[in-house]
Amino acid sequence: MRIRVTDHEGIEHALEALEGWRVMEIIRDWGYPIRAECGGACACATCHIYVDPDWVDRLLPLSDEEEAMLDQAFDVRENSRLSCQILMRPELDGLHVTLAPA
Amino acid sequence: MSTQPIRTDVTIVGAGPCGLFAVFELGLLDLKCHLVDILDRPGGQCAELYPEKPIYDIPAISVCTGQELTDKLMAQITPFEPTFHLNQMAESLEKTADGWWRLTTDIGTVLESKVLVIAAGGGSFVPKKPPIKGIEDFEGRSVFYAVRKMDQFRGKHLVIAGGGDSALDWALNLQPLAASVTLVHRRDEFRAAPDSVNKMRALVAEGQMRLEIAQIASLEGADGQLSGVVLKDKERGEWPLACDTLLAFYGLTMKLGPVAEFGLNLHENLIPVDTEKFQSSTEGIFAIGDINWYPGKLKLILSGFHEAALMAQAAVRVAYPERKIRFQYTTSSTDLQQKLGVA
Ligand SMILES: Cc1cc2nc3c(=O)[nH]c(=O)nc-3n(C[C@H](O)[C@H](O)[C@H](O)COP(=O)(O)OP(=O)(O)OC[C@H]3O[C@@H](n4cnc5c(N)ncnc54)[C@H](O)[C@@H]3O)c2cc1C
Ligand code: FES
């Protein structure tokens, strides 16, 4: 399984992903710049990403908690998500996301 | 403002779980502590980031929330009567001529001690700054992330950004003083005390406050003085809003901050320590909890507790080199039990 991550410079990287890992953890594990200050507890909004529009509907919808936490992120768009709230599963193989400005 | 220095045994920078437990371990060895924290309450990350979330790996406590752990630690250290200096940033450190560490905070509190313990965790909690181009040029003059003196905003045309308690509270508190207040938030829902939300909505309905459901796209102005902000939203595109002051409340983030200037060796923004005393590169300055680094370090609360115990043994030898230290259990030592107020 892989995810595709576009970094702040606009360069796309394909990252090997493990089932059950959070997208945030995959990005962090590969050393790309994501602060993820609260370690995935939906408590900091520093793991903000934009999901490729083709993929938005294939994700589980946002919880109220995630929606509320996005209030602390910047340049929030319709396809904004907190990457610690997306768990990798086989259907998400190929998921494309872009790191939000930090 | 500068006050009379306070002399004490140990100054602790950071009142997170590790700073708090250090008070206990130091207290058993008769060392008195003063703690400094930029937050308005003790508990560090546990109180600020996850007060309501469960922790499962504190030895012998199957589960407790971040706030419960903080409350329990506060109860446990009560007998040692620590002094808290909250809402203050530990800003600078120097050594006095007679060999004490002198720590000065941003509001002028001066603490002098033989031992300094840095328990600064992931760094000091500071407001998040919006990544808007050129915002630094306006900071401190017309863009603010906190309110220190309300009067500063009298007669101003304020834009207040954010949807939490800070944004709502300041919008309500400053509305009577300001020339105008516009609250800007990305959605028409607020994560704030319902009472504040109702008050805000009432003022908006009466035309005494404006509410814009939008985000800030850019800033306008020159020489540090804002003349307006540009708002954006998907349907309406971008439009300008005149104002002379922006207050942005997007929550807090952790930054190492002034500790970086304390003259200690750093390793990727962490303080390397030995694993016998948890002392930094400088004698008399210890580092425990998330802020320190050594091979095998795990950023866990229980690691910080262990570090606090060993640090205390070394700290007492720095503060009172002449004192004889014996190893005792709280279970069987009446001496320790007296200190804890139970014997
Ligand atoms: C969501 C989440 C869940 C977690 N779950 C667990 C768990 O289950 N188990 C576990 O063991 N750990 C857990 N952790 C990690 C744990 O919270 C940290 O290891 C712990 O808080 C570290 O404690 P500390 O006292 O070292 O620092 P912190 O808790 O970071 O406190 C440091 C304090 O120092 C203050 N400070 C720093 N610099 C200055 C300065 N210059 N002036 C004034 N004040 C300053 C800060 O404001 C802060 O209050 C979790 C963390 C998060 C975010
Ligand atoms: S890592 Fe903090 S909200 Fe995702």
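**Stop one: a left-handed crossing**

Begin in chain B, where helix 1 of chain B passes helix 3 of chain B in a left-handed crossing (left-handed if the near helix is turned anticlockwise from the far one by less than a right angle, right-handed if clockwise). Helices (H or I, at least four residues) and strands (E, at least two) are DSSP runs, numbered from the N terminus. You are looking at a predicted model, in which local features need pLDDT of at least 70, side-chain atom pairs count only at pLDDT 80 or more, and totals for chains, interfaces and linings use all residues. Residues are numbered from 1 along each chain as its sequence is written, chains are lettered from A and ligands numbered from 1 in the order in which they are written, and side-chain values use heavy atoms, with hydrogens and water left out.

Now select B:Pro17, B:Leu20, B:Phe21, B:Val23 and B:Phe24 in helix 1 of chain B; they meet B:Leu69, B:Thr70, B:Leu73, B:Met74, B:Gln76 and B:Ile77 in helix 3 of chain B. Contact here means heavy atoms within 4.5 Å. By class, this contact has nine nonpolar, two polar and no charged residues (Ala, Val, Leu, Ile, Met, Phe, Trp, Tyr, Cys and Pro count as nonpolar, Asp, Glu, Lys and Arg as charged, and the others, Gly among them, as polar).

**Stop two: the other side-by-side pair**

Axes are lines fitted to C-alpha atoms, for helices over the stretch in contact, and angles run from 0 to 180 degrees between N-to-C directions. This crossing of helix 1 of chain B and helix 6 of chain B is right-handed. To see the contact, pick residues including B:Cys18, B:Ala22 and B:Glu25 of helix 1 of chain B and B:Gly304, B:Ala308 and B:Ala312 of helix 6 of chain B. The classes here are twelve nonpolar, one polar and one charged.

**Stop three: helices 4 and 5**

Move to helix 4 (residues 165-174) and helix 5 (residues 194-205) of chain B, which pack at about 50° with axes 10 Å apart. Helix 4 of chain B is therefore oblique to helix 5 of chain B (angles under 35 degrees count as roughly parallel, over 145 as roughly antiparallel, 65 to 115 as roughly perpendicular and the rest as oblique). Among the contact residues are B:Leu168 and B:Leu172 of helix 4 of chain B and B:Val197 and B:Met200 of helix 5 of chain B.

**Stop four: between the chains**

Show both chains: 22 residues of chain A are in contact with 19 residues of chain B. The area buried between them is about 1,800 Å², of which carbon and sulfur atoms give 49% (buried area is the accessible area, 1.4 Å probe, that two parts lose on being put together, summed over both). Select A:Glu37, A:Asp71 and A:Phe74, which in chain A lose the most area to chain B, together 36% of what that side buries.

How many salt bridges are there between chain A and chain B? The count is six, a salt bridge being a side-chain nitrogen of Lys or Arg within 4 Å of a carboxyl oxygen of Asp or Glu. Zoom in on A:Glu78 and B:Lys234, whose side chains meet in a salt bridge (3.1 Å, N to O).
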